[in-house]
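Visitor: I am new here and would like to know where the words for this structure come from. Could you show me around?
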Amino acid sequence: MAHVYCDVQMLRNAEGQFIVKEFTCLLGAHGNAVKYQERDSNPRFTELKSVALDHSAILTYPLEKRMWLSYSERDKQLFCWICVAFCSQRKSNFITGWGGNDHWESGHCYSSISRHEISLEHQHAVESFHLFSLQSSINHCLDLSSLSLRKKQVAQRRDVVLKIIEIVLFLAKQSLPFRAKNNEAAYALSTPCNHGNFLEEVKSRATFDPILKAHLDSVIKQSQKRHNDHSDSRGRGSLVTFLSKTTFQKILYITKNLIVKYIRDQIIENGGTYSITMDGSQDVSVQEVMAFVIRYVDEFGPVECLVDVSVMKSTSSKALLEHTVDILENKLSLKLEDLAGYSFDGAGNMAGANAGLEALLKERVPLSVFQHCYAHILSLCLEKTCTAVLLGSATFDLLRDSCTIISESYKRSLLWKSVSSFLCNKTRMLVKLGKTRWWARARACSRIFTDSEDSLLPVVIVALEIISRDKDLPAKSRAKALGDLSKWCTFETIAVGMLFNKIFQMTGPVSDYLQTPQLDHIQAARLTSQLIPDVSGICIDQVLNSAKELADHSNAKLDELNLTKDFTDEFGEIESRVASEATRRRISTVPRRLGERSEDEIRRLAEANSPNWHVNVNTLIPIKDNCITNLQNRFGDDKLTIFKSCAFLSLERFAEVVKDGIPSDALETLCKLAGTDKAVVSSELSGDSDSDEERNETTEKRKTDGSPSAVGCKGCLRCPYRILRKHRLYTAAFGQLYRTYKFALTLPCTQVTCERCFSKLKITCCYSDPNVDQKYGLFGYVL
């Protein structure tokens, strides 16, 4: 075997590894020189000319192959490249270089090599080199069992944390409280007392999960030991339990950030155009909470998402503007210039045209659109109608007082159920009226003022009369019941209730539609505009006839009830009856001349022919006229022009647009706000462009498409938008039209999503800990 001398050049790569870049080998005394080079990851061996060794003394020893030995042709010295790279002791000659004339002439080359080869420093360096080549550290080899144990513990703790995350998300989804008032310490978990939903859920799952049970037992044992050793200290110290309030609050915080990041990415991915809705309300801790909802359009249609719930220290328009800019630009990284529209309620700090948030946003984004919430507008119209006439307001006060009298005592509630068993097929309670419950008035009227057999009017009369005769009750409660009973028996109350029930039957479905998540602008504008002719078509004479039929039906039921022996034995006979016509009122007369017929006489003659003339003229007609006026002021032809112009974009009117074209004043404002050319949009809608073949193809696809988005369309904007998106017609043929559709869908017309968030927030704050950290818990919990 020939002896090898090498001249090695080594470099470190990015990972810190040594890489041989170039070396020269001398094979034997008369061998050839072979040069190895690595260039561009292609190793090459090149044969050089024969080289004669001047120092022949080194060949007198037996030849051995030592790969650790290298020779420098320039310095004529020997090096141990392994010791150069890995030896911590730098005193060896084979590190600094063994050679020189004295060393070569002395002939101790092989003896020096042998001594270095068996030295302790060289052996340690070789071991380090082997560990390095295996990508292993000395600590890893010495502590292999400890590392294996640590890896196992990490896996177990990750499994525990995953189960804790599942429990947190489950409680948040169900709107359940996390914490209890006491007994939340880990050392108290072994006691049978209530520890709160979070800890009780952990204990329940630990029964069927051995890993979670082992962790829980270990935590309880360590916590009890620490509590016994340091009974005066507070907190858990360095003990990691994953069961503290900080853990689930951080989980909620991380979850919230992930959801908000996903929403932001979706907005940016779909073009970056968006709209916002905001609303504020006080929570149970008497703090002003502001909900912030963002709306954008994806490939399936508009999407509304809650992105922030914050406690506001000030609700001025400037503070709200700073809050809006902070959320959009800092938290969501969106451009304020991409804001398409916003919808608020009618509060002055929100919708003020001069100094409200609307005006401030209009200064920043001139082409943005403000829309007063449709649902709020309809609710305001009905609220003004209910309080416009004295008898109308008194009717709803009567509903509220009667419900309070019956529901404030469990004995009266039992009385109501007992009376209902005699008069109705099933027991139904009266509806409590509230300012924030838009449906309460309509539902309360529908249960009493109805023509069907399910009317609760006889039950109300019987219950109030029995309460007024009960001598065991306080005189104040009996007086209230007697006063309400006398009002329920008047024909005026029945007539007013029947009229409001007619109005609510028309506005109720519209109000329910305006509160749906997938609201369509065209349908909303059409329904609200249709309310005006519907209410105008209510016939007052039919209302009076319906009120008389309800009074006669109730009296018949009361007469039938008096014939029931079981009822009369228990409660006695019912004497109250409902009047079937209005009460006649005395009209003062004025002096008149011979042959002159005064206005009082004309009124007296009218009342003689129609006893209900007074309630008709002074109550029913003013209520109807007031409702029509309020609707015209809010939903008239000069209102909601943008959304009414969207009707030309519906599939129902495509044939009309192709035949007659688009009016000159239609779509002008919408196209200006969307940044599109009205002429091009009109051309694409009417089919005058060069894309008639594509339009016909799209129409045929829409007819034959079986997807829900194309079948059963009610003239909404979402269906044509989906068709353009599905068949990718927005690239060239209908580019301007597609942008107009997308902008129209981006605009909000209600802020019901904020109201829905407050409903969830009310549940959260009422049934969970109101002192949840605002930074971590509240928003993530609601979201």
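Visitor: Which residue in strand 7 is the bridge partner of Gln-77?

Guide: Gly-99 is the bridge partner of Gln-77. Before we go on: this is a predicted model, in which local features need pLDDT of at least 70, side-chain atom pairs count only at pLDDT 80 or more, and totals for chains, interfaces and linings use all residues. Residues are numbered from 1 along each chain as its sequence is written, and side-chain values use heavy atoms, with hydrogens and water left out.

Visitor: What makes strand 6 and strand 7 a pair?

Guide: Two strands pair if DSSP finds at least two bridges between them. Strand 6 (residues 77-80) and strand 7 are joined by two bridges, so they meet that definition. They run antiparallel.

Visitor: Why are strand 5 and strand 7 called edge strands?

Guide: The open sheet has three strands in the order 5-6-7, with antiparallel pairing. Strand 5 (69-72) and strand 7 (98-99) each pair on one side only. Strands here are DSSP runs of E, at least two residues, and helices are runs of H or I, at least four residues, both numbered from the N terminus.

Visitor: What makes a group of residues a nonpolar core?

Guide: Its members are buried (under 20% relative accessible area, with a 1.4 Å probe and protein chains only). They are Ala, Val, Leu, Ile, Met, Phe, Trp, Tyr and Cys residues joined through side-chain atoms within 4.5 Å. The largest such core has 83 residues, with Ile-448, Val-462, Trp-488 and Leu-631 having the most contacts inside it. Helix 20 (residues 491-514) gives the most to this core, with eleven residues. A second, separate core of 36 residues includes Leu-667, Ile-723, Tyr-741 and Leu-745.

Visitor: How many of the chain's residues count as buried?

Guide: Of its 783 residues, 45% do.

Terms used
Buried < 20%, exposed > 50% of the residue type's maximum accessible area, 1.4 Å probe, protein only.
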